[in-house]
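Dear colleague,

I am passing on the structure below, followed by an account of what was found in it. Please read the notes with the model open beside you.

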Amino acid sequence: MIHYKTREEVELMRISSQLVSKTLAHVAAHIKAGTSTAELDKIAEDFIRANGATPSFKGYGNPPFPFACCMSVNDAVVHGFPTKNALKDGDIVSVDVGVFKNGFHGDSAYTFAIGEITDEVKHLMADTKASLYKGIEKAVHGNRVGDISFAVQDYTERERGYGVVRELVGHGLGRKLHEDPQVPNYGKRGTGAKLKEGMVIAIEPMINLGTKNVYHDKDGWTIRTEDGKPAAHYEHNICIQKNKADILSAFIEIEAAEKANPDLFADY
Ligand code: MG
Ligand code: MG
């Protein structure tokens, strides 16, 4: 069942989504070679709580997710556990953050590169982010979920030859972290649920450099690429409107923090 949001509810959701964006920017300012993802997770959780919110992911699911953020390094696509391992030059880390505030969740993700990365990984990051906006372009009243799905898949898989993860999808968002409808990153135009004003969804391409196939790590959560090649993940929260989606999360501050951090590669 799809829960349509009132204008007032959308504004509360914007607060949650913006806090996620600020958390990601705060994390971006602290990433460097030698830092562990466990340290970054602590920095993020402290920031979320200092801003009057709780981390949505902590204790979520079965087995309960044990951390505030998902930190997925290199071949980890999503749902990675923060670890004590030091990040090093050439790593990429996808940071996925959820917060719960005023009764609503925000949920956004961003992939960062540490030091020098290969050209193919630069392109993977740029193309995955671009595919998110191609999906958002189709997220307007009167279209269908499949129009978003097709836009992401067509650009990443057909045009660029990447692997589009099938097992995990975007989703409705609101009082619950995962609401209807599911928003796959693959599909056919003109199919799926009709997009209507007041729907809030998370669009989140998870794109692999190589094969689309993934497997579940033995920790019960981390999703990894079958061929061990890296994956990228960017996620926005948007509200469906008549002519143009209202993007509730924002990458502006994250991108500024990324550019200002000499340890991050931002020129992709
Ligand atoms: Mg997320
Ligand atoms: Mg999500």
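Two of them, H171 in strand β7 (residues 170-172) and E204 in the loop between β9 (200-203) and β10 (206-208), link distant parts of the chain, being 33 residues apart; helices (H or I, at least four residues) and strands (E, at least two) are DSSP runs, numbered from the N terminus. H171 and E204 are both buried, where buried means under 20% relative accessible area, exposed over 50%, and partly exposed in between (1.4 Å probe, protein chains only).

Please bear in mind that this is a predicted model, in which local features need pLDDT of at least 70 and side-chain atom pairs count only at pLDDT 80 or more, while totals for chains, interfaces and linings use all residues. Residues are numbered from 1 along each chain as its sequence is written, chains are lettered from A and ligands numbered from 1 in the order in which they are written, and side-chain values use heavy atoms, with hydrogens and water left out.

The magnesium ion (ligand 1) is held by D96 (OD), D96 (OD), D107 (OD) and E235 (OE), at 2.0 to 2.5 Å, and its donors follow the spacing D-x10-D-x127-E along the chain. Here too distant parts of the chain are linked, with D107 in strand β5 and E235 in the loop between β13 (231-233) and β14 (236-239), 128 residues apart; both D107 and E235 are buried. The two magnesium ions, ligand 1 and ligand 2, lie 3.2 Å apart and are bridged by D107.

Strand β4 (residues 92-101) pairs with β5 in the antiparallel sense over 10 bridges, two strands being counted as paired if DSSP finds at least two bridges between them. V93 has F112 as its bridge partner in β5, and in the hairpin of β4 and β5, with 2 residues between the strands, N102 takes a positive phi near 55°.

Elsewhere, 3 strands form an open antiparallel sheet in the order β3-β12-β11. Because β3 (76-78) and β11 (214-216) stand at the edges with a single partner strand each, one side of each is left without a neighbour in the sheet. β3 and strand β12 (residues 223-225) pair over 2 bridges, and the bridge partner of A76 in β12 is R224.

Finally, the lining of the largest cavity includes I2, H3, K5, G172 and L173; a cavity is a set of points, on a 1 Å grid over the protein atoms alone, where a 1.4 Å probe fits but cannot get out, and lining residues have an atom within 4 Å of a point. β8 (179-183) and β9 each supply at least two residues of this lining, and β8 gives the most, with 3 residues.

With best regards

Conventions: 1 Å grid on protein atoms, 1.4 Å probe; cavity = no way out; pocket = protein on both sides within 12 Å on 5 of 7 lines; lining within 4 Å. Donors = N, O, S within 2.8 Å, 3.2 Å for Na, K, Ca; no water.
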